[in-house]
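Me: I've got a model open here and would like a close look at one part of it. Take your time and talk me through it.

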Amino acid sequence: MSNIPQKLSEFLETLSMFSDESQRINLLISYADKFKAVTEEIAQRPYSDENKVPFCESGAYVWVKKNTDGTLKFYFAVENPQGISAKALAAILDKTLSGEKPEAVFNLPDDLVYKIFGQGLSMGKNMGLTGMMQMIQRKSKALSM
Amino acid sequence: MKIEDRKYAHPEVLVSTDWAADHLKDEGIRIIESNEDQLLYSSGHIPGAVHVDWTKDLNDQVIRDYLNKDSFKKLMSRIGVSNTTTVIFYGDKNNWWACYAYWVFKLFGHVKAKVMDGGRLKWEIEKRELTRDVPTYPETKYKAKERDDKTIRAFRVDVLKHISAGKKLVDVRSPEEYSGERLHMPNYPNEGALRGGHIPGAKSIPWAKAINPDDGTFKTADELKQIYEKENNLNSKDNVIAYCRIGERSSHTWFVLKNLLGYDHVRNYDGSWTEWGNLVGVPIEK
């Protein structure tokens, strides 16, 4: 996991230790429980389409801000109350990638959603969650220029 | 409007959220949640409800087919369902996956099956109790029947005969998939169909037209007749095959035609577009 930032790498390692799927699901849900939506200081409703994740039925939005030291901070909104997987992913990305430099984020491998959610992910969910990943990578890249 | 006032052909296949809430602890009732999102059940479900996963529990894990008699027997035993248990399905996406599970249970002839109108969405809107406690029930000795693949399921050969006979088909995918503009539904990427379009003669009636989007409940029989019969010329005496991409959305339409409008001869072609759009030499319309 050489091109994966340390906190994210540690999270994936923890996840991989759960051979039982229900434990794995419970870990993901514990992240969803910790999800905190973007505050009004960062974004106000109605949120801009520019921040809306394409292909996401959970109504996910993403904001990326650059700190003074050049690291990034990620913010999310998930408008669909049933968007539990989107909330889990948002919380994981915030916990493990906020504080990283842009290049650490836009160089992430393409299969992270699969690594986190596994084979049980439906096609629709996969598209939405991958859309979240791709959006933080795109926005991180834009901030690196 | 109450279920009994909606003039359905078989109103007994639906229960309201009120009814479900009043019967959670009844002997002989098993509430079953079936969702697209793999985290939803564990994040909170109706007290006492068990989980049936559409990929792992209902499908064979090697070949493209549903579980067999033995697997169904094991599933029913695991979730504590006997031959006399009434199963009540509910789930996300306007009961899309609940209807899919209902249809699979019907392949095995489980008689006592119903769907909770409005599904998970309505239960949540009404702020009813959800729990993370996973219930366990004593294993049962379920006597499973052989899967009946003829009465409510159609295969590609059946569809070819159906077309030749000029019988009716319903394409429940999005209009863009029907026209061939897309090879998959909006938000769902390509699943390998090499050709776009629809089966010749199929009417385009997207599955979600049968639902009130605000609370996920089914529309009344009059509203459904307007959609399926007045606008699309179907008739309850028709022999109809419904299809979509992999047979899940069309199981929802199958449920509507069979149970709410009382069509006696309606089948679900679960091979659907992922099969038809890849078959060599079959006719396609755009």
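Contact here means heavy atoms within 4.5 Å. With that in mind, which residues is B:Glu248 in contact with, leaving aside its neighbours within four places in sequence?

Reply: It's a predicted model, so local features need pLDDT of at least 70 and side-chain atom pairs count only at pLDDT 80 or more, while totals for chains, interfaces and linings use all residues. Residues are numbered from 1 along each chain as its sequence is written, chains are lettered from A and ligands numbered from 1 in the order in which they are written, and side-chain values use heavy atoms, with hydrogens and water left out.

Now to your residue. B:Glu248 lies in the loop between strand 9 (239–243) and helix 9 (249–260) of chain B; helices (H or I, at least four residues) and strands (E, at least two) are DSSP runs, numbered from the N terminus. B:Glu248 counts as buried because its relative accessibility is 0%, where buried means under 20% relative accessible area, exposed over 50% and partly exposed in between (1.4 Å probe, protein chains only). Beyond its neighbours within four places, B:Glu248 is in contact with B:Trp96, B:Trp97 and B:Tyr100. Its side chain also makes a polar contact, at 3.2 Å, with the side chain of B:Arg245. Such a contact is a pair of N or O atoms within 3.5 Å; within protein, one must be able to donate a hydrogen and the other to accept it, and residues adjacent in sequence count only if both atoms are side-chain atoms.

From there, on to the interface. Between chain B and chain A there are four salt bridges, each a side-chain nitrogen of Lys or Arg within 4 Å of a carboxyl oxygen of Asp or Glu. One of them joins B:Lys93 to A:Glu57, with the closest N and O atoms 2.5 Å apart. On the side of chain B that touches chain A, helix 2 (40–43), helix 4 (92–107) and helix 5 (119–125) of chain B each supply at least two residues. That side divides into six nonpolar, four polar and ten charged residues (Ala, Val, Leu, Ile, Met, Phe, Trp, Tyr, Cys and Pro count as nonpolar, Asp, Glu, Lys and Arg as charged, and the others, Gly among them, as polar). In total, 20 residues of chain B are in contact with 20 of chain A. The two chains bury about 1900 Å² between them, 56% of it on carbon and sulfur atoms; buried area is the accessible area (1.4 Å probe) that two parts lose on being put together, summed over both.
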